[in-house]
Amino acid sequence: MEKVVTIEGNKIGLKASAGTVRHYRDMFHRDFITDMGIIEKEILETKQMTPETSLIAENAIWLMAKEYDAEIPDIDTWLDQFSPYFVFLAIVSVIDMWHQNVAQMNKSKKKI
C-alpha cells in the first residue's frame with residue numbers, strides 16, 4: 001500500500017508491505033507489528049508519546065518513506081528538515097495505513 005501525505009508543506013510518500021516488516025526488523029532489530037501496537041496504544045491512552053515511542057515512530061515513518069522513495073537520505077538528515085512536531089503529525093498517517101493493511105489482510109483471509 002502506498003500513500004502520499006502532506007505534512008508541514010512537504011509531500012511525503014509512504015509505503016507499507018511485507019518487505020517493510022522485514023526491513024524494519026533488519027535495520028532496527030525490533031518487530032514492526034509489535035512496535036506499531038505500542039505506538040497506537042500509547043497515543044490512544046495518553047495522547048502523547050514517550051521518548052522511546054517517539055524514536056520507534058521516527059524509525060517507522062522514515063523506513064516507510066524510504067520504501068516509497070529510495071533516494072531518501074539517512075534518517076538523521078531526513079528528519080532535520082522537519083519540526084519537532086513532525087512525528088506526531090506523520091504517525092497518524094502511518095497508523096491509518098497500518099489499519100488499512102490489516103483490514104485488507106482480514107478480507108483476504110475471509111475469502112480463503
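Which residues in α2 meet which residues in α3? In this predicted model, F32, D35, I38, I39 and E42 in α2 meet T53, I56, A57, A60 and M64 in α3. By class, the residues of that contact divide into seven nonpolar, one polar and two charged. The chain as a whole has five helices and two strands, and the notes below go through them by topic.

**Ground rules**

- Because this is a predicted model, local features need pLDDT of at least 70 and side-chain atom pairs count only at pLDDT 80 or more, while totals for chains, interfaces and linings use all residues. Residues are numbered from 1 along each chain as its sequence is written, and side-chain values use heavy atoms, with hydrogens and water left out.
- Helices (H or I, at least four residues) and strands (E, at least two) are DSSP runs, numbered from the N terminus.
- Contact, here and below, means heavy atoms within 4.5 Å.
- For residue classes, Ala, Val, Leu, Ile, Met, Phe, Trp, Tyr, Cys and Pro count as nonpolar, Asp, Glu, Lys and Arg as charged, and the others, Gly among them, as polar.

**The chain overall**

- Reading from the N terminus on, you get β-β-α-α-α-α-α.
- Of the 112 residues in the chain, 38% are buried (under 20% relative accessible area; exposed is over 50%, partly exposed in between, with a 1.4 Å probe and protein chains only).
- Take the contacts between residues at least 6 apart in sequence: 63% of them join residues at least 24 apart.

**The hairpin**

- Strands β1 (residues 2-7) and β2 (residues 10-15) run antiparallel and are joined by six bridges; two strands pair if DSSP finds at least two bridges between them.
- Across the pair, V5 stands opposite I12 in β2, and T6 stands opposite K11.
- Two residues sit between the strands of this hairpin, and E8 takes a positive phi near 55 degrees.

**Helix packing around α3**

- Two packed helices are described by the angle between their axes and the distance between the axes.
- Helix α2 (residues 32-46) packs against helix α3 (residues 51-68) at an angle of about 125 degrees, with the axes 10 Å apart. Axes are lines fitted to C-alpha atoms, for helices over the stretch in contact, and angles run from 0 to 180 degrees between N-to-C directions.
- α2 and α3 are therefore oblique to each other (under 35 degrees is roughly parallel, over 145 roughly antiparallel, 65 to 115 roughly perpendicular, and the rest oblique).
- The α2 and α3 crossing is left-handed, meaning the near helix is turned anticlockwise from the far one by less than a right angle; clockwise would be right-handed.
- Helix α1 (residues 18-28) also packs with α3, at about 125 degrees and with axes 10 Å apart. That makes α1 oblique to α3.
- The crossing of α1 with α3 is right-handed.
- On the α1 side, G19, T20, H23, Y24, M27 and F28 meet I56, N59, A60, W62, L63, M64 and E67 in α3. That contact has eight nonpolar, four polar and one charged residues.

**Two residues to look at**

- S54 belongs to helix α3 and counts as buried because its relative accessibility is 16%.
- Leaving aside neighbours within four places in sequence, S54 is in contact with M49 and V87.
- L89 lies in helix α5 (residues 86-111) and, at 45% relative accessibility, counts as partly exposed.
- Not counting residues up to four places away in sequence, L89 touches I7 and E8. The C-alpha atoms of L89 and E8 are separated by 8.7 Å, though these residues are 81 apart along the chain.
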